[in-house]
Amino acid sequence: MSTTDTAHTAGAARTPTGPLVEIRRVRKSFGAHQVLRDISLEVPEGTVTVLLGPSGSGKSTLLRCINHLETIDGGRIIVDGELIGYRQAGHATHEMTPRQIARQRRGIGMVFQRFNLFPHMTALENITEAPVGIARIPSATAKARARELLDRVGLADFAGHYPSQLSGGQQQRVAIARALAMSPKLMLFDEPTSALDPELVGDVLDVMRELADDGMTMIVVTHEIGFARGVADQVVFMDGGVVVESGTAAAVIDTPQRQRTRNFLESVR
Ligand SMILES: Nc1ncnc2c1ncn2[C@@H]1O[C@H](COP(=O)(O)OP(=O)(O)OP(=O)(O)O)[C@@H](O)[C@H]1O
């Protein structure tokens with residue numbers, strides 16, 4: 001059993017309040033391919049939602065819509081009371097100004113499958129780049145904060161290392177620290193461990209679990225069922241662009257009601 005499978009009472013240390021994220025009847029197509037057909041879900045503040053589903057079910061697309069990397073075709077997405085995407089007569093996402101979009105994106109941290117660190121910058125520089133360049137935080141303040149974040153992800157001694165000098169797991173932990181440096185209210189993770197060697201997965205999931213324990217609101221796309229069972233307050237199984245089944249980890253993972261969910265879980269176990 002990996003450390004990520006150890007007992008963690010999902011949501012126990014947190015007191016969920018209202019939804020930080022509301023997704024209502026969201027639709028998204030690429031050409032004739034309708035990837036998101038009708039997605040609705042809510043993510044209460046301070047909780048972790050894990051999105052499960054087969055390849056091509058639209059999980060990444062949904063995360064990208066929440067973070068303004070894609071524009072929805074219908075429905076609406078609200079994060080912290082603000083419309084992110086809304087497509088109905090007279091209200092289109094693209095009517096937002098670039099400045100509004102940039103401001104909203106700053107409140108949402110995203111960690112991708114591939115760490116996407118700047119190769120010519122040290123770990124510390126990768127983390128301070130956005131706070132200094134975008135948020136205009138004084139360099140000394142940003143550096144001090146970056147060191148705290150490196151410590152938090154277990155890499156206090158690696159501030160001066162370049163990405164090529166770090167393992168994949170260490171790079172991903174720097175990527176998490178980089179996202180946290182903008183003090184997001186929501187963190188999105190898109191298969192953060194699927195590009196890692198198996199022995200490096202646990203350290204990254206442990207950092208994510210600590211974030212959850214600290215009350216970070218998180219939406220995580222992952223096939224790590226042990227993580228979902230141990231950390232998720234809510235598990236959402238998507239297939240064919242719809243939510244097939246959602247509920248607690250115990251409900252969706254241990255006692256799935258739908259055959260499609262059972263088939264998927266068997267395929268990843
Ligand atoms: N920019 C794009 N243009 C055209 N098709 C796209 C685009 N982005 C995603 N798709 C298609 O949308 C579908 C859903 O992709 P998406 O990456 O959201 O699924 P997923 O559930 O995250 O799958 P995976 O686990 O493989 O990443 C796929 O068929 C994909 O090819």
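Colleague: Which residues surround the ligand in this model?

Modeller: A residue counts as near a molecule if its C-beta atom, placed from the backbone, lies within 6 Å of it. Here the ligand is surrounded by Phe30, Val35, Gly53, Ser55, Gly56, Ser57, Gly58, Lys59, Ser60 and Thr61. The model is a predicted one, in which local features need pLDDT of at least 70 and side-chain atom pairs count only at pLDDT 80 or more, while totals for chains, interfaces and linings use all residues. Residues are numbered from 1 along each chain as its sequence is written.

Colleague: Which helix gives the most to that shell?

Modeller: Helices are DSSP runs of H or I with at least four residues, and strands are runs of E with at least two, numbered from the N terminus. Helix H1, residues 59-66, gives the most, with three residues.

Colleague: How do I read the packing of H5 with H6, and at what angle do they pack?

Modeller: Axes are lines fitted to C-alpha atoms, for helices over the stretch in contact, and angles run from 0 to 180 degrees between N-to-C directions. Helix H5 (residues 168-180) and H6 pack at about 15 degrees, with their axes 8 Å apart. Angles under 35 degrees count as roughly parallel, over 145 as roughly antiparallel, 65 to 115 as roughly perpendicular and the rest as oblique, and H5 and H6 are therefore roughly parallel to each other.

Colleague: Is Asp214 buried or exposed?

Modeller: A residue is buried if 20 or more other C-beta atoms, placed from the backbone, lie within 10 Å of its own, exposed if 12 or fewer, and partly exposed in between. Asp214 is exposed because it has 11 such atoms within 10 Å, and its place is in the loop between helix H6 (198-213) and strand S8 (217-221).
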